[in-house]
Each structure stands twice: as C-alpha cells, then as structure tokens.
Amino acid sequence: MLAGMGSAGRAGRPALPFPAIADRETVLWASVGCAEYRCVPMVHQLTKPQARRIAVRAQLLDATRPTHLVSLVERLTLLQLDPTAAIAPSADLVAWSRLGSTYRPADLKQALEQDRTLFEFNALVRPMRDLPLYLAGAAEWPPYERQREWLRDNDRFRCDILDRLASSGPLASRDIPDTSVVPWPSTGWTNDRNVTQMLEGLMMRGEVAIAGRVGRERLWDLAARVYPSDVDVPTVEDAARIRNERRLASLGIARRKTTKVPVEPYEVGDAGEPAVIEGVNGEWRVDPDALGGDFEGRTALLSPFDRLIHDRRRALELFDFEYTIEMYKPAASRRWGYYALPILHGEQLVGKLDAVADRKASVLRVNAIHEDVSFTRPVTTAVRAELRSLASWLGLTLESS
C-alpha cells in the first residue's frame, strides 16, 4: 500500500485499481480533466544489510552456487584477466569462488578456444552472447583524433597485418612484421609497440580477434574465424542500454553515475529503478528482479579483482570495507599483503587473507588473516574451511604461519 494512503486512496480520489504494484510504483495525480493519472517509479528505501544482500546475491556469492561456467560469465558479464598469479590468476579465482572445486582452469580455456562460448576482448573474458554489444559502433573506433590519424597514416600497415593473418593466422604479435610508416607515439610502455597497438585497435574495430593463448601470449586471427557469422549488431544506443541493464543485473545495486574508469564502467545509467540506502548519501539504481526473496549466505575468498569489491567507493559505502591492491607498494608499506584476498562471510566483508601459493614447495602459505571485525568461532571455522578448499583446489598443502 502506498505511504500515507488508506485502502480507499486519498481523500476525493478513487481507490487504486492495481494494489499489486503499490510496492513498486508511486502514483502521482495529474490534474488533466480530473481523470488522468500518471505513474512514475517509486524510490526504493533500503537498509544497508538489504543492499549488501542484493549485491552479494547478484554476484552469485550466496549459498546457492552456480554450476556452469558459461552461465556464470553471462550473469557476471565478465571475468577480468590479470597476469598476477600469487595464488591463482584472477579469472580462475573468480570462477572458483562461485563454482567451487568442480571448476578447472582448463574449462575456461576450452570455452574460449574450442567451444567459442566465451571470447577475450580488451583484457576481459565476455560471453559470446554479448559480442554484438561490443561490436556496436566498432566501425567508428577510435574515439580520438590522434588515434584516427595514426590509423590513417598506417593504413598500409593495417592491410599488411590482415593479409598476414589471412594467410598464416593465428599468430602472436612477435610473429607479425612491423611495416608501420608512423610509429605509435607514447611516453609510456606502449611507445613504438606498433604491432600490438594496431592489433588492439583492429580488435576494437571488430576486424581481428584473440583466437587463444600460449601461456600469457595472445594469438591473433581474423575476426571472421573466431566470432560467429550470424552476429546481429544493435545500434550504439541500444547496445549501451543493454550493457547497463546487464551490468546492473550482475551488481544488483549501483550508482547511476559515478567515477569514470577505463574499460568497464561502474555506473549503470537509467537501468533498473531508483533507490536510496539508509545512511548512504545519494541515489542508487537497483535491479527490480533482485528485490525481495530469501537470503542465505556463505563464506568466500575473493580475488582482488572481484567485481563485488572492484568499485572501492561502493565497497566502502555498502560494506564499510576498505581495500586496495598493494602489489605495487613497497613491502614495508603494505597493510594487508601483496595479493590479499577479501573475505566474505554472509552479507559482510569481514577481513583479508594474506597468502601465497608456493608451488616449488607445494604449499599454500598463509602469512596472515586480517580481521576487519573480530571473528567469532563460526566465522573462524568457515574461513579455515575455505582455506582448505582453496589449497585442495590448487593441489597444495595448507601451511599456516
């Protein structure tokens, strides 16, 4: 029932003919001939625990585990690729934390390189279902004039690469000759890395694709050999809307607008419905399908790149969880460790695990467990059980300092 309204509605107004949607919409009375009404979405009022449960469940970190890798990636929309493997590569850790010990890294490689149910794009693994969303507007890439000028100046170089891949692909970048006329200008690590920059540009344009990897090295081929032939590419506007909707479904609750970040935004635009969270400033967007329902939590060890905590501001606002990746800091300046794993228990982020996989010694070495809140005996027991599960999945012996 709408706030401030009895079953007969406001004084002088007829009773609502659709009480079933009263918890989802607010009815505004429009004085147009005294007969027309207009509905606008209600602003959902959420407590912090409710918002946390929505976020955890949306990321498939509640007690009901998913069972299929591709379905998992379709829900999460991505797995981030990162070369750091102090414990395991991030994409594998994210998959393991949801799927459990049934997941094997070989499953990801097969989905990418044989089944073609997933694809690698811009350092992220995406579901092939979503490929059209990332090809929308590809012909207009790049967005900046300096990049467009470099591509124009090197059009012969572009054609050389496409011809080489057509005759000999898939190839690693080191196996492709650099025939550029104008070198790629940069003061950073990409300076004069012409082949790699052209390949990545052609990937963004939908002309080439990553066919697989040998170790960490990407193998490039013509997009037509990697992607399905029947891709129905939407308009740029529709693609942006669908990406926002799927991103919100994966997060449960997010800001309409927030800090701009490269590659994968944190914001979701007008997707979902407006919400406010008790004790947190500003307006949020919530996935209406994530509202309500029972919640049963579990304990999970998360990758440092896990999307539950990737948006540091959101993690602090929803979970009161302070976190940063410290691998780039000097050892003496680290608070939690080189590759500390956030610890989720139920709806709360309760600490960080400082551990390393010493494969030469065949041990998972635990350096420290940092408790953001004092662990109760059940929390300690659950965290230890997850540690044993992680060590077993890695094929290592658990060793605590």
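A salt bridge is a side-chain nitrogen of Lys or Arg within 4 Å of a carboxyl oxygen of Asp or Glu. The structure shown above is a predicted model, and it holds 33 salt bridges.

**A salt bridge within one helix**

- Arg-148 and Glu-145 are joined through their side chains by a salt bridge, with an N to O distance of 3.3 Å.
- Both residues belong to helix α6 (residues 145-153), and because they lie 3 residues apart there, about one helical turn separates them.
- Arg-148 has a relative accessibility of 29%, so this residue counts as partly exposed.
- Glu-145 likewise counts as partly exposed, because its relative accessibility is 40%.

- Glu-264 pairs with Arg-126 in a salt bridge whose closest N and O atoms are 2.7 Å apart.
- The two partners are 138 residues apart, and their pairing links distant parts of the chain.
- Glu-264 sits in the loop between β10 (253-255) and β11 (273-277), whereas Arg-126 is found in strand β6 (residues 124-127).
- Glu-264 and Arg-126 are both buried.

**Arg-174 and Asp-175**

- A salt bridge also connects the side chains of Arg-174 and Asp-175, at 3.7 Å from N to O.
- Arg-174 has a relative accessible area of 62% and is therefore exposed, since exposed means over 50%.
- Asp-175, at 37% relative accessibility, counts as partly exposed.

**A network of salt bridges**

- Salt bridges link four residues into a network: Asp-155, Arg-158, Arg-205 and Glu-207.

**The contact of helices α3 and α12**

- Helix α3 spans residues 90-99 and helix α12 spans residues 377-394; their axes come within 12 Å and cross at roughly 125 degrees.
- This angle makes α3 oblique to α12, because angles over 145 degrees would count as roughly antiparallel and those from 65 to 115 as roughly perpendicular.
- The crossing in which α3 passes α12 is right-handed.
- On the α3 side, the contact involves Asp-92, Leu-93 and Trp-96.
- These residues meet Glu-386, Ser-389, Leu-390 and Trp-393 of α12.
- By residue class, the contact of α3 with α12 comprises 4 nonpolar, 1 polar and 2 charged residues.

Definitions and conventions
Residues numbered from 1 in each chain as written. Predicted model: local features only at pLDDT ≥ 70, side-chain atom pairs only at ≥ 80, totals over all residues. Heavy atoms only, no water. Axes fitted to C-alpha atoms, helices over the stretch in contact; angles between N-to-C directions. Helix = DSSP H or I, 4+ residues; strand = E, 2+ residues; numbered from the N terminus. Parallel < 35°, antiparallel > 145°, perpendicular 65-115°, else oblique. Left-handed = near helix turned anticlockwise from the far one by under 90°. Contact = heavy atoms within 4.5 Å. Nonpolar A, V, L, I, M, F, W, Y, C, P; charged D, E, K, R; others polar. Buried < 20%, exposed > 50% of the residue type's maximum accessible area, 1.4 Å probe, protein only.
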